[in-house]
Amino acid sequence: MSTRTALVTGGARGLGLAIARVLAERGHALLLVDRDDAVVAAAEELATDGHRARAVVADLTHDTGLASVVAAAADAGGIDVLVNNAGITRDARLLKMTPEDFAAVIDVNLVAPMRLAEALAEHLREGASVVNMSSRAALGNFGQTNYVASKSGLVGFTRGLALAWAPRVRVNAVAPGLIDSPMSRAMPEDVLVGLVNKIPAARIGEADDVARAVAFLASDDSSYLTGQVLTVCGGRSVAP
Ligand SMILES: NC(=O)c1ccc[n+]([C@@H]2O[C@H](COP(=O)([O-])OP(=O)(O)OC[C@H]3O[C@@H](n4cnc5c(N)ncnc54)[C@H](O)[C@@H]3O)[C@@H](O)[C@H]2O)c1
């Protein structure tokens, strides 16, 4: 069987790195893309553990960044799994939010995945799987109109692209809820406890909970799923 290659954006740290590690453990060769050059050390660490991993330092909002990712995909001989995970937040109440902060979040979280998918289309192998990283916040969150718009827009893009590329390529999204991350750890303890109390699973999510959901959508185990959103939130989205 030929090697399956997975390209993960935002792979320098956090969820992207956890996703890369799970996909590597399941036999994929990895292309890790990030604008932060910490992605080089991340790929080296995976390689030290015996995995095949290559870093691409690229800003996905720039033409030159997209071009270097496409060159790396061509060099790898094609892509079987594309995980559009890179994302940012710039939270503020709407009245205090600048148009620049609104546009920056839309640009990274929504426009960049669209441009990358388009740029990589001819390098996606038959049967490839695209996984877009949305968020439970796509359903609505205070102080995050830009982020909510970007992540719900990404769900719409997922559905549209799934139709456009069926049956050759499957396209799905993962929508994580509250996940243990530098962002959640920075919250005041009482706020965090209040949020965890609303989660039916009675715990905060781990990066690996999200990574395993992405790996499922990346694999043939999900071969009859396309255009779907897998919400990984411990049941928070169905809680009153
Ligand atoms: N952590 C959570 O609780 C959570 C919950 C729901 C959804 N998400 C989503 O999951 C994804 C990963 O989240 P995380 O917590 O690991 O974030 P993170 O900030 O730890 O990592 C994001 C990575 O994306 C990279 N990146 C940002 N802009 C880029 C650009 N223009 N070009 C290339 N790389 C870029 C960053 O350098 C960083 O390494 C994001 O899309 C986020 O919105 C996270």
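A residue is called buried when its relative accessible area is under 20%, exposed when it is over 50%, and partly exposed in between (1.4 Å probe, protein chains only). The structure is a predicted model, in which local features need pLDDT of at least 70 and side-chain atom pairs count only at pLDDT 80 or more, while totals for chains, interfaces and linings use all residues. Residues are numbered from 1 along each chain as its sequence is written, and side-chain values use heavy atoms, with hydrogens and water left out.

Alanine 202, in the loop between helix 7 (189-196) and helix 8, counts as exposed because its relative accessibility is 57%. Helices (H or I, at least four residues) and strands (E, at least two) are DSSP runs, numbered from the N terminus. The phi of alanine 202 is near 60 degrees, a positive value in a residue other than glycine, and the peptide bond from alanine 166 to proline 167 is cis, with omega near 0 degrees. Most residues other than glycine have a negative phi, and most peptide bonds are trans. Proline 167 itself lies in the loop between helix 5 and strand 6 (170-176).

Serine 222, by contrast, is buried, with a relative accessible area of 0%, and is placed in the loop between helix 8 (207-218) and strand 7 (229-232). Its side chain reaches the backbone oxygen of phenylalanine 216 at 2.8 Å. When residues up to four places away in sequence are not counted, serine 222 touches Arg170, Phe216 and Leu217, where contact means heavy atoms within 4.5 Å.

Note on methods:
Polar contact = N/O pair within 3.5 Å; in protein donor to acceptor, adjacent residues only side chain to side chain.
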